[in-house]
Amino acid sequence: MPPITFAHRGARTLEPENTLAAFRRALADGAGALESDAWLSADGEVVLIHDPVARRGLRRARVARSSAQELQRFGVPRLADLYDECGSDFDLSIDVKDRAARSEEHTSELQSPDHLVCRLLLEKK
């Protein structure tokens, strides 16, 4: 079995990290897997961002206090957006950062639409 090539936060040296552009670019450039971090937005959506605060210039928004739609203005995608945009023909490693996202209800949302759980690696710290 060949090694899996993970793009940590997407192609983050070429595109802003943890954005759909970074994930698309990583897959287009040959990565077989993506890695990201997951938090819950205020409206209960699983969003992909490394830190608990989204930043753009001088603007800031706490993930837990912002809706997924508000976070999209900062370039923060929902997990559902990743699957909608890139499909599910890749391995995905998710570091679940938010304690609220670790519940059984939300962990099941971290599966791909095709329920390819064997290709999804969850890391709960």
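Which residues lie nearest the centre of the largest pocket? They are Glu17, Ile49, Arg55, Phe74 and Val76, among 16 lining residues. Welcome to this predicted model, in which local features need pLDDT of at least 70 and side-chain atom pairs count only at pLDDT 80 or more, while totals for chains, interfaces and linings use all residues. Residues are numbered from 1 along each chain as its sequence is written, and side-chain values use heavy atoms, with hydrogens and water left out.

**The largest pocket**
- The largest pocket holds about 300 Å³ of space.
- A pocket here is an open set of points on a 1 Å grid over the protein atoms alone, where a 1.4 Å probe fits, with protein on both sides within 12 Å along at least five of seven lines; lining residues have an atom within 4 Å of a point.
- Its volume is the space filled by probe spheres set on the points, which are joined across faces, edges and corners.
- Strand β4 (residues 53-56) gives the largest share of the lining, 4 residues; strands are DSSP runs of E, at least two residues long, and helices are runs of H or I, at least four, numbered from the N terminus.

**Asn18**
- Asn18 sits in the loop between β1 (6-8) and α1 (20-28).
- With a relative accessible area of 3%, Asn18 is buried (under 20%, using a 1.4 Å probe and protein chains only).
- Beyond four places in sequence, its contacts (heavy atoms within 4.5 Å) include Arg9, Phe23, Asp37 and Leu48.
- The C-alpha atoms of Asn18 and Leu48 are 6.3 Å apart, although 30 residues separate them along the chain.

**Asp81**
- Asp81 belongs to helix α3 (residues 79-86), and is buried at 13% relative accessibility.
- Leaving aside neighbours within four places in sequence, Asp81 touches Leu20 and Gln72.

Definitions and conventions:
Buried < 20%, exposed > 50% of the residue type's maximum accessible area, 1.4 Å probe, protein only.
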